[in-house]
Amino acid sequence: MPLLFAALALIALVGAAGVLLSRNPVYSALSLLLNFVAFAVMYVMLSAQFLGVVQIIVYAGAIVVLFLFVVMLIGGNLPALGRGRRAYVRAAGVILAALFLLALLFGLARPLPNGLAAVGAPDGGSVQALGLALYVDHIVPFELASILLLTAMLGGIVLARRYQAPPKD
Amino acid sequence: MSIVLLSILKSLALIILLLTGFAYLTYYERKLLARFHVRRGPNRAGPFGLLQPIADAVKAIFKEEIVPGHVDKLIYIVAPALSLIPALVIFAVIPIAPDLRLGGFTLQFHVADINVGLLYLAAIASVATYGIILGGWSSNNNYALLGSLRTAAQMISYELPFGLLLAAIILTTNIGREAGTLSLIEILNQPRPWWLWLWLWLAFPMFFITMLAESNRSPFDLPETENELIAGFQVEYGGIKFALFFMAEYISMITGSAIMATLFFGGWRGPFADPGTWYGPIVGFGWFFLKVVALLFVYIWVRASVPRIRYDQLLQFCWKVLTPLSIGYLVLTALIVVFVG
Amino acid sequence: MSLPTLDFSLILPELVVLITALLVLIADLLWPRAASRGREQAPAVLALAGLILAGLLTLLAGEWSGATLQGMLVADALARYLNLVVLLAAALGLLLSWSYLPHFSTQRSEYYALYLLAVAGMLFLGKSIELITLFVSLEILSIALYVLTGFHRGQLAGGEAALKYFLLGAFSSGFLLYGAALFYAATGATRLADIAAQNAGGFYMLAGLALFLVGLGFKLAVAPFHMWAPDAYQGAPTPVTAFMSVGTKAAALVALFRVVQAAGSVPVGVWATALAFLSLLTMTLGNLAALRQSSLKRMLAYSSIAHAGYLLVGVVAGTAAGFDAVLFYLFAYAFMNIGAFAIASLLERPGFYAVQDAGIHAADGLFGRRPWLAVAMAMFMLSLAGIPPLAGFFGKLYLFAAAVESGWAWLAVAGVLNSVISAYYYLRVVVGMFMAEPSASAHLRLPLPASATLAVALTALGTLLFGLLATPWFQGISR
Amino acid sequence: MDLTTFPLLSLILWLPVLGALALFLFADARSIRVTALVVTLLDFAASLLLLPRWTPDGSMHYQEVLAWAAGLDFRYHLGVDGISLWLVLLTTLLGPIVVLFSWRNVTENVRSFFFLLLIQQAGMLGVFLSLDLILFFIFWEFTLIPMYFLIGQWGSGRRVYAATKFFLYTMAGSALMLVVILLLYFQTGSFNWLTLKEAGLDRTLQFWGFLTFALAFAIKVPMFPFHTWLPDAHVEAPTAGSVILAGVLLKMGVYGFLRFCLPLFPQATAIFLPWIAGLAIVGILYGSLTALVQKDVKSLVAYSSIAHLGFVMLGVASMNEQGLSGAVLQSVNHGLSTGALFLMVGMIYDRRHTRLLAEFGGLWRQMPVYSALFMVVVMASVGLPGLNGFVGEFTILLGAFRVNPLWAALGTLGVILAAWYLLAAVRGLLHGPLDNPANQHLADLDRREVLVLAPLVLLFFLIGLFPALFFDKITPAVELLLRDVGPVIGR
């Protein structure tokens, strides 16, 4: 298992690096896909099968496809990403990333906070557990999320429609 | 250790089975189409032309590997594989026969019993798009790109009714039971009352249509329309790489049929397919095979009978007909589950 | 296992608003626009009816007991008053939209449905006592408002406003979510009551609270997270600006108050000091920037930022009295600010592809053209500046009193000095209306639609009387 | 009618507001004017009712308390004592006079004008009557609004600049007062003046409290160097506005010192008194000297106000019975005489639409009634014995002398300067040849204008000849104040 984890972690890292380093947006998107898939497998390994599968359906199956769709729709002649960026932007990025890394290490070095220590019960990621969490414990935010989706959908429709000025009278 | 080994062996067997199935599906299709056209079909290689697929395979394999200069090489080469793998992998959760018990040892005729099996189907189906999209894009050819775009839009759109119908089927697994299930094996093991069969068959036509669209079969083969896109995404492909795309399409047909057979027609179940007996697996596989072949017949029948539809019709049909219908179906199913089940 | 039974009566007003939103959405199907003249306003009528019904349900239900829906949503007095202020703001904004919207859009159903969804989001946010519920509610209102901000699609400024609002808003949601995650990490709970009960201290709570402050600070347009606000407020259709400047603030403040109360283990001095400095920065920046604006709407936008600063004073105080004051001020603010935007919207000349922004001199000579309108506007301006006996004064009185009581006298001093600064730019408008030569466009007839007139009348009445009459109402709400 | 329980103060306070609302019942200008006049007269009559049953014991009379707010315990609490009594009467008296004066010369937006005048009056009355600090603050700030509009809409020249300056200056001054009021509240649990003055606040709070209150009041008075808004506001305001500004609004500052600064912060008062005296004297000299060089009669009167208010503040700073009583009486005197001066300047402005001294001369011949009255008013202002100004200034100087003879000496210098610049105005207006052709056909005062001035002139004499009538109501209140505060500051 640790071996598998290491391999997956490596794949995830390669994917992440690929997203950043690729000059070609399609390669970036594909690297992202690689990253997502690696994570999906990790979720499954953590006995969160549902999460793993949903990760594939939503991210790999829909979001990255839409990325690709948009990239293709805009055309293949995209200017290569990352050119013409100022030096200070790069420097800021590097510094922020380093800070984030530091924060992560800091967090890892400390004992696990109370809240997380309790998490990780066996089979916590099963469909049953998830179903209970979603439909029994958190039914309220779950229902609210449906309103959120309705709102987003309505908003998308409004924005996508061709603008039509009202008739002058 | 033995489980892993067993799984590997099962996978190998499955792959061989599927590849053979693919080969003879082409034969099956050509023969059937010929009959629909009042022709004879392949009849030269071997008796009744039975060796034709093998001849085709040999031809494809020994063709010169050509990689055109203007393509994006890496993706160009990877794309056909990406397209085939999902079609193969999906089969892992489909039980093709009842368990065989030999003494203390039980042999199960599926590679894996994932407890989110149905979602696994949806997940793999959703990734199947990549091969085609990337194949078309990497070809660096406008026709191919248009084919890709069509694929992306089509498959994402049709995943919607597909998912909704799957959800409805998942809901029915709650009927008369403590809790529902997402595992295909469990679903097969559940007895269904007669009215439930009827209700599920109501959804079958819709499901079948989405499967047609997901596997880019006629009349939804817009990504590869030869008369407007000169074969679309595969225009730059030849030889074994083309064969892989071809294989993906046909294997996904088999897979689709297998899924439908399992969900709507009881999979390996049938008279004398008794689990636990020595003959059960054999009869069970027989039933399974028959059902799949019958469904494949419908695939080919549709191809022979229905003309290709226009692209806008394709999307309109999905969003304005199929999706609302499947939403309605889902809602009704939910009501049935709550009030009847 | 059985599904939980939920007492939906606790969220009855919210449900009414939601159902109205759905009805409004299909209003176009029921009454096709082209077929029936005179029924174009059906969505607006429906929406208004829904808001009024929700308001009545809130009002007539008496005091809310504090019962919770699974510990996710709470119907307490705080939520009740928030309901009232949001519904009030929404109804007033809707009256403005009534005559304003037809100038630039035919998508009435969509507009009013999104509007009601934003209202519902605010109402839910005010009731949220759980991190996920809180986040989802916040997103409902945000997304609806992003779209409403860019609703005038014939106008570039609207698109720019919506895009800026969206990008920065999404960014802030990230902060908020990160904060929630850290809370969860520290306590293993998402319900605020459980988080408070854990009394977990330490780095994670502190960092979580800080991120929460940043996230909610964005929504509140608190400096230095206010950059989106002037553009969004200016580019959005004026009725939307009026509504969101009050509603979003109200809901986000209640959320902030609840979160801050739950994070009890973080020393009060730490977050209160941080908030106090944010408040100081916000009001000073808002007021100084407002001094230099040449657009009436943009000036009001900066004034709105400044008011976010005043409102924070009540949260800084951290006491029940402090938050009572916030609620009181929100009511007063709903009247005076929406009133001001109402008149700004009347002064605009909405064209079909571009709404001509009301410049700071658009009101010049208004007293000669529409004396009562000018009087009302003067009242709004003076009330915003905090001149007694108008509602704004009493609001500030209560806010600053709470601050002084909790030992934040210096913040109160900053507040009153800022009020003096703000008086200057508010007076500019008054000077223009009463004492300046009429602007070039003054000879044009100023149309006065009945619905907008009603809104102005209501807000003016509220500005005049609310402070004088409503004070006994606000006692110990936030306990 | 039982006057002990009848809410007389509320009647006085709210009558103008009701009257202001009543203006909307009428459409024509004449009815509006008549209504305004009737209302102000009624108000004056109502305020006269305070006098008959007055018991001169220095305490608060006619108190009314109504609980009002929740959370913060501020109340509707009114009361009147010897210090505020005459200021209230001054306010109600100036009401009808100003209305009558504006009878003809306000022609635009008549209703708005009288509406603002009436609510202005209510606001000022509220300031003098409030015993609750928040209520006081509300009225205090509220008085800005009508005056702002009066100056800004009916003023002349740079009216917008003047109005805005007036508004911002005074608002800035008083803003901090609110915070201190709140601090007081949370230290003592009351906004009630009666409670607060017994509370014995700690020294730091007294120090800062005095500073912020004094800032607000000093701007209002105005004391040097916070006076710069005044010339602008006075000069640009319409005559009615100037009269109210000089007559009553400035007194709010003095009243604030007497009512709040001294009794609430006695320890701080001890520290700051010399400074107040110093600034008052600078104000007297500065105001007088500046008045000397004015070419515009109205600015001359405006600067004279600074000087006169300097006297009043000197009286306050003396912090003894004579000084304080004198300050109160001189406040009233200044309201009457400077009010009259502004009215008379307004009268010739109405005729000539200029106020430059150089434009006039020799009016004595053309307008004898005007000139006679003008002389009386000037004499009252200068402090001619027998007229009211003398009584006030003399008492103040007496008080100041007892504290510091130098103050009195410098104050006396101010009296002389006052005679100088006012007589210069008399010379410029009335004496000399009637050589400007524009002046040769000026009409003398008509009956209305005489009627406007008559009550003021009568009062000059009344106060001048029978000061005891007034002092016997002022003194007990002052004594009470001194009894509380005097020991603390050692007087």
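Student: Is Tyr62(D) buried, partly exposed or exposed?

Tutor: Burial is a matter of counting neighbours: 20 or more other C-beta atoms within 10 Å of a residue's own means buried, 12 or fewer means exposed, and in between is partly exposed, with C-beta atoms placed from the backbone. Tyr62(D) has 23 other C-beta atoms within 10 Å, so it is buried. Keep in mind that this is a predicted model, where local features need pLDDT of at least 70, side-chain atom pairs count only at pLDDT 80 or more, and totals for chains, interfaces and linings use all residues. Residues are numbered from 1 along each chain as its sequence is written, and chains are lettered from A and ligands numbered from 1 in the order in which they are written.

Student: Where is Tyr62(D) placed?

Tutor: Helices (H or I, at least four residues) and strands (E, at least two) are DSSP runs, numbered from the N terminus. Tyr62(D) sits in strand S1 (residues 61-67) of chain D. Its phi is positive, about 55°, although it is not a glycine.

Student: How confident is the predictor in chain C?

Tutor: Look at pLDDT, the predictor's confidence in each residue, from 0 to 100. Chain C averages 86, and 92% of the residues score at least 70. Within chain C, helix H5 (residues 131-149) has the highest confidence, at 93, while strand S4 (residues 355-356) has the lowest, at a mean of 53.

Student: How many residues of chain D are in contact with chain C?

Tutor: Two residues are in contact if their C-beta atoms, placed from the backbone, lie within 7 Å. Here 27 residues of chain D touch 28 residues of chain C. Helix H7 (159-188) of chain D is one of the helices that supply at least two residues to that side, and H7(D) gives the largest share, 14 residues. What about chains B and C? No contact joins them, and their closest C-alpha atoms lie 9 Å apart.

Student: How do helix H8 and helix H12 of chain B cross?

Tutor: The axes of H8 (residues 194-214) and H12 (residues 311-339) of chain B come within 11 Å and cross at roughly 155°. Under 35 degrees counts as roughly parallel, over 145 as roughly antiparallel, 65 to 115 as roughly perpendicular and the rest as oblique. So H8(B) is roughly antiparallel to H12(B).

Key: Axes fitted to C-alpha atoms, helices over the stretch in contact; angles between N-to-C directions.
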